Amino acid sequence: MDGLERQMEVLSIKNKEKWIKHYSSSQKILLVGEGDFSFAACMGKAFGSAVNMVATSLYSKETMMLKYSKAATNLRELEDLGCLVMHEVDAHTMSKHPLLNQKLFDRIVFNFPATALKRSESNIRQIEKHQRLVKGFLGSAHDMLEVNGEIHVTHKTTEPYSKWEIERLAEDAGLRLVEKVRFKKADYPGFSNKRGSGPRADQTFSAGNSCTFKFSRNIT
């Protein structure tokens, strides 16, 4: 039993299991590619604790503070709630990270994955860049799942975003679709999805016409 599991056992004794949408305080949850950490903070506050969570960002802490106006507040809240926050974590290689390579998770979540926008979203080269990001994430996450664990990817479903072919990328990674459910931002109070790059990095964008794709390992 690792440290995260011990903390969760203590928490489950003290507190009744709590849920927010698809996620439970009894699950070991890895959040990947967090923007200003508002999604992690939302979940931690819903659970009343975040000892069951690991939240990661591609950027350094210093860069996060410069990019996102509420990053410092969210990080303080997560620290108070007992979340393990990790910076400079690459979604492609996270399964080999020294703090993660011995951990398995019940839920691994990547909301609105995207690379830096160099061309229009409909440009085939830009779409291929996005696909490489998602493919690398799914391959790494595959090796970090508990037996009945799931990988959740929240993504827009209209064109040109549908051209990313999320389901095909998952199948290529040895995963199968469990279900696809409509994403409602209102289900996660305080969550602010960010553009993430460029001069408008701290601005939000419409999360309409989005779904959470739930994948599990293909055991057949």
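## Close-ups of a predicted model

View 1. Seven strands make up an open sheet with mixed pairing, running in the order β5-β4-β3-β6-β7-β9-β8. At the edges sit β5 (84–86) and β8 (175–182), each pairing on one side only. On average, neighbouring strands of this sheet are turned by 20° against each other, direction ignored. Strands here are DSSP runs of E with at least two residues, helices are runs of H or I with at least four, and both are numbered from the N terminus. Two strands pair if DSSP finds at least two bridges between them. This is a predicted model, where local features need pLDDT of at least 70 and side-chain atom pairs count only at pLDDT 80 or more, while totals for chains, interfaces and linings use all residues. Residues are numbered from 1 along each chain as its sequence is written, and side-chain values use heavy atoms, with hydrogens and water left out.

**View 2. Parallel neighbours inside the sheet.** Strand β3 (residues 29–32) and strand β4 (residues 53–56) pair in the parallel sense over three bridges. Look for Leu31, which stands opposite Ala55 in β4. β6 and β7 are also parallel, with six bridges, and there Ile108 stands opposite Ile151 in β7. Nine of the 12 residues of β7 are buried (under 20% relative accessible area, with a 1.4 Å probe and protein chains only), so β7 is largely enclosed by the rest of the structure.

**View 3. Helix α5 on the sheet.** Helix α5 (residues 124–142) packs on the sheet, touching β3, β6 (105–111), β7 (145–156), β8 and β9 (210–217). Its direction makes about 165° with that of β7. Axes are lines fitted to C-alpha atoms, for helices over the stretch in contact, and angles run from 0 to 180 degrees between N-to-C directions.

**View 4. Asn111 and its surroundings.** Asn111 has its place in strand β6 and counts as buried at 10% relative accessibility. Leaving aside its neighbours within four places in sequence, Asn111 is in contact (heavy atoms within 4.5 Å) with Val32, Phe39 and Thr154. Ala40 is 71 residues from Asn111 in sequence, and 11 Å from it in space, C-alpha to C-alpha.

**View 5. Aromatic rings.** The structure holds 10 aromatic pairs. Rings of Phe, Tyr and Trp (its six-membered ring) pair if their centres lie within 6.5 Å; planes under 30 degrees apart count as stacked, over 60 as edge-to-face and the rest as tilted. Phe112 and Phe205 are an edge-to-face pair, 5.3 Å centre to centre with 90° between the planes. This pair links distant parts of the chain: Phe112 is in the loop between β6 and α5, Phe205 in the loop between β8 and β9, and they are 93 residues apart. Both Phe112 and Phe205 are buried. The rings of Phe213 and Phe215 have centres 6.3 Å apart and planes at 10°, so that pair is stacked. Phe213 is buried with a relative accessible area of 5%, and Phe215 counts as buried at 1%. One aromatic cluster is formed by Tyr23, Phe39, Phe112, Phe183, Tyr188, Phe191 and Phe205.

**View 6. A lysine over a tyrosine.** The charged end of Lys67 sits over the ring of Tyr59, 4.5 Å from its centre. A charge sits over a ring if NZ of Lys or CZ of Arg is within 6 Å of the ring centre and within 35 degrees of the ring normal.

Note on methods
Buried means under 20% relative accessible area, exposed over 50%, partly exposed in between (1.4 Å probe, protein chains only).
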